[in-house]
Amino acid sequence: MQMKARTTGLAAMAIIIALLPITFPNPYYYDIADTALFNAVLCVGLNLLIGYTGQISLGHAGFFALGAYASAILTLRWQVPPLAALLAGAVAVGALAFVIARPILRLKGHYLAMATLGIGIIIYIVLNTEGWLTGGPDGLMADNFTVLGWKIKGDGSWYWVGGGLLLLAVWLSLNLIDSPVGRALRAVHGSEVGAEVVGVNTTHYKVLVFVVSAVFASVVGSLYAHKTGLITPGIGSFFRSVELVTMVVLGGMASTFGAVVGAIILSVLPHVLTTFEDYEAVVLGLIMMSTMIFMPKGLVPTVMRRLRRRRAAA
Amino acid sequence: MFAEFLQYLLSGITVGAIYALAGLGFAIIYNSSHVINFAQGEFIMIGGMATSSLVAAGLPMWAAVLLAVLITMLVGVALEYFAVKPARNADVVTIIIITIGASIFLRGMAQIIWDKESHSLPAFSGETPIHLMGATIVPQSLWVIGVSFLAILVLGWFFNRTLFGKAMLATAYNRLAAQLMGIRVKRVLTASFGMSAILGAIGGIVVTPITYTNYEAGVMLGLKGFSAAVLGGLGNGMGAVVGGLIVGVAESLGAGYISSAYKDAIAFVIILFVLFFMPSGLFGKRGTERV
Amino acid sequence: MSLLRVNELSKGFGGVLAVADLSFTINAGTIHSIIGPNGAGKTTLFNLITGVYRPTSGRILFDDVDITGKRPYELAALGMSRTFQNLQIFFNMTAVENVMVGAHLHLQPRLLPSLLHLPSVRRRDAACRERCLELIEFVGCGKYRDADAASMPYGALKRLEIARALASQPRLLLLDEPAAGLNATESREIDDVIKRVAAQGVTVVLVEHDMKMVMGLSDHILALDYGRKLAEGTPEEVGKNPDVINAYLGAAN
Ligand SMILES: Nc1ncnc2c1ncn2[C@@H]1O[C@H](COP(=O)(O)OP(=O)(O)OP(=O)(O)O)[C@@H](O)[C@H]1O
Ligand SMILES: [Mg+2]
């Protein structure tokens, strides 16, 4: 039964991704869609940490930015091939996450929020300050992404890369959740001591998922750098971290499709709101507050539950 | 040499006093509701912005200050009523998003009501610097330190000597027991938001002549206040005050002796360092979690 | 043969000793009950044995190996599991998933195969699910097998915790008030489950206030008061002990 829901979901997503461009009136829409897809991939990773394992991170934009800068710096300054740079960035970010995860994930609730927030802000400030390496507030240019002589260029090609990556990410996430490792992660969320007494090393799993979600962020960051061509420290700001968490929570914690939906909504929203530019912050704030008040479980789980209830009633 | 140190120390204590007030605001709300109010920094911003615009509109300083404090308090109470209360039993992440949403909302409102420019206030008693063992200090710094100190004393008196203050402490200690004793817990919650807002506004008003203010000024102040509260141990009022002063002084010394570019990072480095070794802050409740 | 040995164990909370200088032995293949008035230190003792708390002093030996200070998951790997007085169910999962977490140690959980859902993972998972469904049936929660734990009644959750603990295939199973809050019928069902678990050769340590159940099930009883040993022996011996009677009457006043 679960198996079926998963295949249906994945197939539906593939079809939507494949057909969506037909509705784009101009290439600018590709740009918006690319950002939405990238954010969605990142949020699928972040959801493993926040939604499934129940550990908050208010600093994940920092890992995203580190991935982006690693790619830009390595390819530009040292002519490292983009794919190698992406992998190097992911390994470095994974190693950093691994080192800080152990002390950080001993913390709970607001203390964990504080610590991750601190990590994010420190990364942001370093990117801003070490201008000799990062270009400081002006940022860095990044070149096109080439693999084996094939160049990904233009928002149209990035759309297919982003779409393919999202399908892959969702598939991996759905697999993981329904596996021994995924159940251990969810058990950590449910009751740490309950998990420990049946043999789950909760520290190990918290560290593992923190590293996995950081690597997701780093990889997406690398691709983002190549796609936009210019990155600035702002991509690692506290506000960005908050935005990412909001995407996950808005779409629905502990729901892979929820994370995707949340990411897409919040990525598209600013473009819908450009007509009331001055009100953007007010509207975003209101949306954050009202979804959390009226649907604390997030959009997708809430809607699914209503549908199921209606079907049961019918 | 010493003069330089003293200079850094004095400016550190000045900002530290503001962080202490913000941290205290976090602590009061956390105690009564276990909510971390990420909009605490916006109270500071609103206090400063409102006073500045009211003075510009021609109100005498004292009236502008009173009115601004009142406005901020109402914002705090409204925040509790409309955003926090309806989500009473939600989990930590949900409430974090709500108060962050509130802070973004308030920032947006400030930008609409006022603008994106910097605003200032005249110093309360002139700008002539006072010399002290080779260091100089502007009179406004003394206002900041003095008013903060006074606010902390008044709070101490309130919590230890008044019935309502004791009721608030009792609620923090054991909500259910407090309720059974006839304490109206709902009122305690509302009051805690009102009081935190007042503290924020006061801090914002006294510091504006030195730092200026704008619609975004609350972000960093709020985060530093949160650091102060966590450093001291969440829910510990005096801890938050000490935490605020430590953060302020460390930041100022770090900016002076190490690197001014990393001024804002210092608070967070300290906090990470402390949390690594003391997971519930310097003076936080320790003990074995009950199973 | 002794499976668990506790030597001069103490645990203090801010100066007050919840378990004080306690020594006893539990033999393999028995049902061993620990009784005592509220606050006697029974749950604290369980938390010490299973590694949830660290003792202030003293030693714990499992199979003659010193396990003092080991973490709960390490002890689970050595063959020890437990249930809780206050439910520690994974309310974000279904009943059978809860039990499948119990089988964690027997699934070789690794990241990459899990991410890719390799056939080996799927096969092991399917087999594990079957075994866990049997366990759910065994404790009498069959009709909730795929229900969300959050929607199950209290009595069923108590039994689900037993099934989860059993899924780790323990040699020593500690049950902290498995019948608390249950009605007479449900208590009898739990009683029956415990007997069947013991019959399979699992050593059971039971904390329970239901004296009828304790007297009926136990091979051996340890009575605690204020963290100290009050009496120890067969049910008859402990039931006749004047100190025990006193402590219980005292607590009843
Ligand atoms: N984590 C803790 N922190 C502080 N004190 C604790 C903690 N856990 C237990 N205590 C104290 O230790 C003493 C023993 O408690 P414990 O829960 O072990 O008793 P118990 O015998 O299980 O009682 P009950 O029959 O009510 O379950 C009590 O005074 C209790 O308040
Ligand atoms: Mg107990």
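Let's start with strand E3 of chain C, residues 31–35, which pairs with strand E9 of that chain in the parallel sense over four bridges. A word on terms: helices are DSSP runs of H or I with at least four residues, strands are DSSP runs of E with at least two, and both are numbered from the N terminus. Two strands count as paired if DSSP finds at least two bridges between them. In general, strands of a sheet pair through backbone hydrogen bonds, either parallel or antiparallel.

Before I go on, please keep in mind that this is a predicted model: local features need pLDDT of at least 70, side-chain atom pairs count only at pLDDT 80 or more, and totals for chains, interfaces and linings use all residues. Residues are numbered from 1 along each chain as its sequence is written, chains are lettered from A and ligands numbered from 1 in the order in which they are written, and side-chain values use heavy atoms, with hydrogens and water left out.

Back to our pair. Which residue of E9(C) is the bridge partner of C:Ser33? That is C:Ile221. C:Ile221 also stands opposite C:Gly233, which belongs to strand E10(C). E10 covers residues 228–233 of chain C, and five bridges pair it with E9(C), this time in the antiparallel sense. E9(C) and E10(C) make a hairpin with two residues between the strands, and there C:Tyr226 has a positive phi near 50°.

Is E9(C) mostly buried or exposed? Five of the six residues in this strand, 220–225, are buried, so the rest of the structure largely encloses it. Buried here means under 20% relative accessible area, exposed means over 50%, and partly exposed is in between, with a 1.4 Å probe and protein chains only.

Now to another sheet in chain C. This one is open, has four strands in the order E2-E1-E4-E5, and pairs them antiparallel. Its edge strands are E2 (16–27) and E5 (65–66), each pairing on one side only.

Where does C:Asp148 sit? Look in the loop between helix H5 (119–138) and helix H6 (154–167) of chain C. C:Asp148 is partly exposed, at a relative accessible area of 46%. Leaving out residues up to four places away in sequence, C:Asp148 touches C:Met93 and C:Thr94; contact means heavy atoms within 4.5 Å. From C:Asp148 to C:Val96 there are 52 residues in sequence, and 9.0 Å in space between the C-alpha atoms.

Stepping back, chain C as a whole has 10 helices and 10 strands. Its radius of gyration is 19 Å, close to the 18 Å from the globule rule for 253 residues, so chain C is as compact as a globular protein of that length. That radius is taken over C-alpha atoms, and the rule is 2.2 Å times the number of residues to the power 0.38. Buried residues make up 55% of chain C.

Now for chain B. How many helices and strands does it have? There are 11 helices and two strands, running α-α-α-α-β-β-α-α-α-α-α-α-α from the N terminus. For its 291 residues a compact globule would have a radius of gyration near 19 Å, and chain B agrees, with 19 Å. Its C-alpha atoms fill a box of roughly 55 × 50 × 35 Å along the principal axes, and 53% of its residues are buried.

My last stop is B:Lys263, in helix H11 (residues 263–277) of chain B. B:Lys263 is partly exposed, with a relative accessible area of 35%. Setting aside neighbours within four places in sequence, B:Lys263 is in contact with B:Glu251 and B:Ala255. B:Val154, by contrast, is 109 residues from B:Lys263 in sequence and 31 Å from it, C-alpha to C-alpha.
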